Amino acid sequence: MDNIWKNRRLKAFATSTTHGDVVLPNHIIHLEDEPDHLVVLVHGILASTSDWTYAQAELKRRLGRNFLIYASSCNTYTKTFTGIDGAGKRLADEVMLVVEKSESLKKISFVAHSLGGLIARYAVAALYTPNISSNQSQDMVASSAANGKPVCSSNKGLIAGLKPINFITLATPHLGVRGNKQLPFLFGVPILEKLAAPMAPFFIRQTGRQLFLTDGKPNMPPLLLRMASDCEDGKFISALGAFTCRAIYANVSYDHIVGWRTSSLRRETELRKPPKRSLVGYKHVVDVEYCPPVSSDGPHFPPEAAKAKEAAQNEPSLQNTLEYHEIMEEEMTRGLQQLGWRKVDVSFHSAFWPFFAHNNIHVKNEWLHNAGTGVISHVADTIKQQEKLQARSNTFISANL
């Protein structure tokens, strides 16, 4: 990563509230309010800040004045086509601008929808620095990964100079997309699945290549695989591991954009029939499971993967693509499961418009997608729960000083 992110707090970029295409409204920060917890909302592909109108208002109402709820505006609409890495760097720049506008901020969380989850994962790696007092623990992280031990969130670092608390994604394709299992609108039709990968770059350019894992030269691991490890591109696992809570919300059905498996970080054999009844107080949220860290030596890009990637790029066919994606998905899963995850399953099977699941989950439009209000309530209470745990922890530490 560029050395610009090595300092704990960067010098303010400027005193103006407008920087390029990023607009920071003066009203988002009131000094008398003194918010200490920044929550960054990150939208998905071909979207904008308006996607968060309901969620932003509801989170403000439920969380209170100690929270600054900020909807990212740096990657609107077709800017999401320029690649996950490019969008991630822009988001990192934007977050730093917001942080520098308020000296009262101490903590940071992310809530991201769809592609926004991948963009946020790249951004937090760009914003990540180990604590000055934890350089030795970072060596232990590297040693643990090398020895096949799980990487736990006790090895803290900072994100944009702030304490990372929650990293939450909603219907995010963490393992990329392929076939009817992860891109359901293809319906398993062979000709559609065959054409999807080579056609994606024509419509969503570099982002399409990255989502289908065909970006870069054949002998180079795709970006999403690199993002499941600590590598030269960034400390992706260490950055995620610095968050106290990592939660992934996944639609179990009716999401025709992002499938259940890729959004919930599960293998096919790990998918089980979800409950039909919603959790009390959270309509359409049907299950919550905590998955602890799993020992692994991290993801690899073996020679057979390079060969399969070349075949998938040059001669795309169901067989070539399937072989390549199966190798990559297993490696990405092993890499990301080095961390513990809270997995929240969502089912809109009883909703009036269940086929809008991908937009229901974050209430893109309050009138059309309001089936997801229970999901936003659950997200808000997850953040509140972590806030209470942080307060208790701080009280305990103070009492023992």
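I count two strands as paired if DSSP finds at least two bridges between them. Helices (H or I, at least four residues) and strands (E, at least two) are DSSP runs, numbered from the N terminus.

**Ground rules.** I am working on a predicted model, where local features need pLDDT of at least 70 and side-chain atom pairs count only at pLDDT 80 or more, while totals for chains, interfaces and linings use all residues. Residues are numbered from 1 along each chain as its sequence is written, and side-chain values use heavy atoms, with hydrogens and water left out.

**The sheet.** I traced an open sheet of 7 strands with mixed pairing, in the order β4-β3-β5-β8-β11-β13-β12. Its edge strands are β4 (67-71) and β12 (285-291), each of which pairs on one side only. On average, neighbouring strands here are turned by 15° against each other, direction ignored; for angles I use axes, lines fitted to C-alpha atoms (for helices over the stretch in contact), and angles run from 0 to 180 degrees between N-to-C directions.

I found β12 antiparallel to β13 (residues 341-346), joined to it by 6 bridges. I checked E289 and got K343 as its bridge partner in β13.

β4 pairs with β3 in the parallel sense over 5 bridges, and L38 has L68 as its bridge partner in β4. I then asked how β4 is covered: 5 of its 5 residues are buried. Buried means under 20% relative accessible area, exposed over 50%, and partly exposed in between (1.4 Å probe, protein chains only). F67, I69 and A71 are buried on one side of β4, and L68 and Y70 on the other.

**S114.** Where does S114 sit? I find S114 in the loop between β5 (107-113) and α3 (115-127). S114 counts as buried because its relative accessible area is 5%. Leaving aside neighbours within four places in sequence, S114 is in contact (heavy atoms within 4.5 Å) with G44, L170, A171, T172, P173, V258 and H358. From S114 to H358 I get 8.1 Å, C-alpha to C-alpha, across 244 residues of sequence.

**F352 and its patch.** F352 is in the loop between β13 and α12 (357-360). Its relative accessible area is 71%, so I call F352 exposed. Y254, F352, W353, F355, F356 and L368 make a nonpolar surface patch of about 670 Å².

Patches are made of residues with over 30% relative accessible area and no salt bridge; like charges are joined within 9 Å, nonpolar side chains (Val, Leu, Ile, Met, Phe, Trp, Tyr) within 5 Å. A salt bridge is a side-chain nitrogen of Lys or Arg within 4 Å of a carboxyl oxygen of Asp or Glu. Accessible areas come from the Shrake-Rupley method with a 1.4 Å probe; for residues, only the protein chains shown count as cover.

**Whole chain.** I noted 13 helices and 13 strands, with buried residues making up 55% of the 401 residues.
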